[in-house]
Amino acid sequence: MVRVGQLPNYAIGGAIGAVFYIEPFATQDVDVFVMMQTESSGLVATIPGWDYLKDRGYTETRGEAIVVEDWPVQFIPVSNALEEEAYLNATILDFEGEPVRVVLAEHLVAIMLNTGRLKDLSRVEMFLLQAAVDREILLDIIRRHGIEKQWADFQSRGYHE
Amino acid sequence: MSDDKPNQDSDPIEIYQRKQSHRKQEARRPVSEKMATVVRLRDFERALENIRKANRAKRATKEITIRIKTR
């Protein structure tokens, strides 16, 4: 979609993004961060990529996701400074010879800390135990985006490396 | 045998450390292999969906009796 100009850019996040860095685990969908284009009226335009996929026969939707090759794909507009930074700094990784743009491990962890659901915190622990993050970079992101409290709460839960 | 030192197979710390070491190795596998595992897990979860639903329904209607053994 990026190649044909249908999507300005994208960054795979969520559980599938995490699998690029840590051991595989069960997940049901693919989260893709996108930057929304805002019309001059101030209204938000349709999610980029959605129409392109529909035109190519991907018309099945599941909740807020469009099903692509049996995977519900959810396009998530970046909604805060942390997500925007994650989107802008995503890295190109190789998947079976195809370049894919994936959120950096440190941003994934910061986003999960910020979201704070139990499953997110469990995955944060996986990143740390599997030495998948650069601690200095992570702490810098945590500090700059004001999620020190979430980090402290997480550490107080008895997590240990 | 009265050995104070727990053997490798029963020492929980040792088991935990081995498990974590194995998970680290899993994390370093090629992404395509890991994605294949994710797909298998996803399909397995989908296969379990109806079973879980039926189980939840049975529990809700008390069709399943749970007896917790106490001393």
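1. Chain B contains two helices and zero strands, where helices (H or I, at least four residues) and strands (E, at least two) are DSSP runs numbered from the N terminus. Of the 71 residues in chain B, 4% are buried, a residue being called buried if 20 or more other C-beta atoms lie within 10 Å of its own, exposed if 12 or fewer, and partly exposed in between, with C-beta atoms placed from the backbone.

2. On the basis of the model: this is a predicted model, in which local features need pLDDT of at least 70 and side-chain atom pairs count only at pLDDT 80 or more, while totals for chains, interfaces and linings use all residues. Residues are numbered from 1 along each chain as its sequence is written, and chains are lettered from A and ligands numbered from 1 in the order in which they are written.

3. On the interface, 14 residues of chain B are in contact with 17 residues of chain A, contact meaning that the C-beta atoms of two residues, placed from the backbone, lie within 7 Å. On the side of chain B that touches chain A, the elements giving two or more residues are α1 (12-27) and α2 (31-60) of chain B, and the largest share, nine residues, comes from α2(B). That side of chain B divides into five nonpolar, three polar and six charged residues; here Ala, Val, Leu, Ile, Met, Phe, Trp, Tyr, Cys and Pro count as nonpolar, Asp, Glu, Lys and Arg as charged, and the others, Gly among them, as polar.

4. The largest nonpolar core has 40 residues, and those with the most contacts inside it are Ala11(A), Ala86(A), Val103(A) and Val109(A). Such a core is a set of buried Ala, Val, Leu, Ile, Met, Phe, Trp, Tyr and Cys residues joined through C-beta atoms within 7 Å. Elements that give two or more residues to this core include β1 (11-13), β5 (71-77) and α3 (81-88) of chain A, while α4(A) gives the most, with seven residues. Leaving aside its neighbours within four places in sequence, Ala86(A) has among its contacts Ala11(A), Phe33(A), Val103(A) and Ile111(A).

5. Helix α5(A) has 12 residues and reaches 16 Å from its first C-alpha to its last, close to the 16 Å expected at 1.5 Å a residue, the expected span being 1.5 Å times one less than the number of residues. Its buried residues are Asp120(A), Arg123(A), Val124(A) and Phe127(A); seen down the axis they fall within an arc of 110°, so they line one face of the helix, the arc being that of the directions from the helix axis to the C-beta atoms. Leu118(A), Lys119(A) and Ser122(A) are exposed on the other side of α5(A), whereas the buried residues pack against α1, α4 and α7 (148-156) of chain A.

6. In α6(A), the buried residues are Leu138(A), Ile141(A) and Ile142(A), and they cover an arc of only 100° around the axis, which puts them on the same side of α6(A). The face turned away from that buried side carries the exposed residues Glu136(A), Arg143(A) and Arg144(A), and what covers the buried residues of α6(A) includes α4 and α7 of chain A.

7. On strand pairing (at least two DSSP bridges between two strands), β2(A) and β5(A) run parallel and are joined by five bridges, with Gln74(A) in β5(A) as the bridge partner of Asp31(A). Strand β4 (residues 65-68) of chain A runs antiparallel to β5(A), joined by three bridges, and Ile66(A) has Val73(A) of β5(A) as its bridge partner.
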